[in-house]
Amino acid sequence: FDTEPITSLSPLTIIPSTSPSSTSRTSSTSSSTSTTTSTSALTSTTSTSTSTTTSSTSTASTSSTTTTSTSTTTSTTSTTTTSSSSSSTSTSTTTSSTSTSNSTTSSITSTTTTSTSTTSKTTSSSTSSTSSTTASTCNLFFNQTTYSVGINPNAVTVVDVNNDNQPDIVVANFGSNTVTVLLNVGNGIFNTSATYSVGFGPQAVAVVDVNSDNKPDIIVVNQASNTVSVLRNLGNATFNTLATYSVGISPQALAVVDVNSDNQPDIVVANTLSNTVGVLINVGNGTFNTSATYSVVIYPWSIAVVDVNSDNKPDIIVANQGSNNVGVLLHC
């Protein structure tokens, strides 16, 4: 065939040929271009891909040997693309379809955008999975550690009873008529110190220094015996019964607060079945006298002593279970 020598090359220009075989080789090169474009989308080198396409097209018109070499390279590139990810294979198919319409440059841009979008989506999914894993392993608290106490423990308070700056546990055991003291030995680990007998059916417990010796004492209401027991702290977290005081019927709750401004903590008790609140005044050295009993409504169940009207005198607030209300007794 007679052809004129090519003196200059324009990017992405296909040389017409009358030979069917030449056309076939050019079509093969176009397919190679599509595969190269897919590779360029993954490596983000668009300008290099365009240069390679031009070179391949020119070579296909002059030498069949070179075309064979290009085909081999294309096969290698295709294999690499397939190994990279399944998403790249899908992108290559789209590029090949676009290449048939002779819009190679647009195909490169479209493929690059698609590849970037796929990468972004994968990263987002990975981040979400990591966040979910972290949340599921953080549960605020460890599983509980249990310590044996008496029968039917009904109330608990946590106070440092042996002055070692470690909070200890004091439990009222309703079914065994006892109070159990668990000493904190450090790191939140407790040992049973001792168990002390009180009245029948201890229902509520408080730990307050009632005799001004800087050692917290134990005060417990005994529901079944209608009494309040005071256990004096002898030091080293050992206690003995200082006294027992009679109150109303079925005492359910107590608060230990100074109600008469003498710097001595007093005892206020909610008596459920007598529908009263009893006040025991501390006369010093941890001994108490009954001051007064106040009527409330049905089933006083819980009690608090706080100044609610800003007159510097503590008032009594009681929850009345049987009448569905709360009573407020203002200090006069």
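The structure is a predicted model. Strands β3 and β11 are each mostly covered, with 8 of 9 residues buried in β3 and 8 of 9 residues buried in β11. The largest nonpolar core holds 16 residues, and another core of 15 residues lies apart from it.

- Strand β2 covers residues 168-173 and strand β3 covers residues 178-186.
- These two strands, β2 and β3, run antiparallel and are joined by 5 bridges.
- Within this pairing, Val171 stands opposite Thr180 of β3.
- The hairpin of β2 and β3 has 4 residues between the strands, and Asn177 there takes a positive phi near 55°.
- Strand β3 is also joined to β4, by 8 bridges, and these two strands run antiparallel.
- Leu182 has Thr192, in β4, as its bridge partner.
- In the hairpin of β3 and β4, 2 residues lie between the strands, and Asn187 has a positive phi near 60°.

- Strand β10 (residues 266-271) pairs with β11 in the antiparallel sense over 5 bridges.
- Val268 has Val279 of β11 as its bridge partner.
- The hairpin formed by β10 and β11 has 4 residues between the strands, and Asn275 in its turn has a positive phi of about 55°.
- Strand β12 (residues 287-295) runs antiparallel to β11, and 8 bridges join the two.
- Val279 also stands opposite Ala292, a residue of β12.
- The hairpin of β11 and β12 has 2 residues between its strands, and Asn285 takes a positive phi near 60° in it.
- As a general point, the side chains of a regular strand alternate between the two faces of the sheet.

**Nonpolar cores**

- In the largest nonpolar core, which has 16 residues, the members that touch the most other members are Val161, Val170, Val181 and Ile218.
- Strands β2, β3, β5 and β6 (217-222) each supply at least two residues of this core.
- The largest share, 3 residues, comes from β3.
- Leaving aside neighbours within four places in sequence, Val161 is in contact with Asp168, Val170, Val181, Leu183, Val207, Pro216, Asn233, Ala237 and Phe239.
- Apart from this core lies another of 15 residues, among them Ile219, Val221, Ile267 and Leu280.

**Aromatic pairs**

- The count of aromatic pairs comes to 3.
- The ring centres of Tyr147 and Phe190 are 5.8 Å apart and their planes stand at 80°, so this pair is edge-to-face.
- This pair links distant parts of the chain, 43 residues apart: Tyr147 lies in the loop between α5 (104-137) and β1 (153-159), whereas Phe190 lies in strand β4 (residues 189-197).
- Tyr147 counts as partly exposed because its relative accessibility is 30%, a value between the limits of 20% and 50%.
- Phe190 has a relative accessible area of 14% and is therefore buried, since buried means under 20%.
- The rings of Tyr196 and Phe239 have centres 5.7 Å apart and planes at 80°, so this pair is edge-to-face.
- Tyr196 in strand β4 and Phe239 in strand β8 (residues 238-246) are 43 residues apart, and their pair links distant parts of the chain.
- Tyr196 and Phe239 are both buried.

- Gln252 is placed in strand β9 (residues 251-257).
- Its relative accessibility is 7%, so Gln252 counts as buried.
- Not counting residues up to four places away in sequence, Gln252 touches Gln203, Ala204, Val221, Gln223, Ala270, Thr272, Pro300 and Trp301.
- Gly199 is found in the loop between β4 and β5 (202-208).
- Gly199 is buried because its relative accessible area is 15%.
- Asn177, Asn222, Ser225 and Ser229 are touched by Gly199, not counting residues up to four places away in sequence.
- Gly199 and Gln223 are 24 residues apart along the chain, and their C-alpha atoms are separated by 8.2 Å.

Note on methods. Residues are numbered from 1 along each chain as its sequence is written. This is a predicted model: local features need pLDDT of at least 70, side-chain atom pairs count only at pLDDT 80 or more; totals for chains, interfaces and linings use all residues. Side-chain values use heavy atoms; hydrogens and water are left out. Buried means under 20% relative accessible area, exposed over 50%, partly exposed in between (1.4 Å probe, protein chains only). Two strands pair if DSSP finds at least two bridges between them. Rings of Phe, Tyr and Trp (its six-membered ring) pair if their centres lie within 6.5 Å; planes under 30 degrees apart count as stacked, over 60 as edge-to-face and the rest as tilted. Contact means heavy atoms within 4.5 Å. A nonpolar core is a set of buried Ala, Val, Leu, Ile, Met, Phe, Trp, Tyr and Cys residues joined through side-chain atoms within 4.5 Å.
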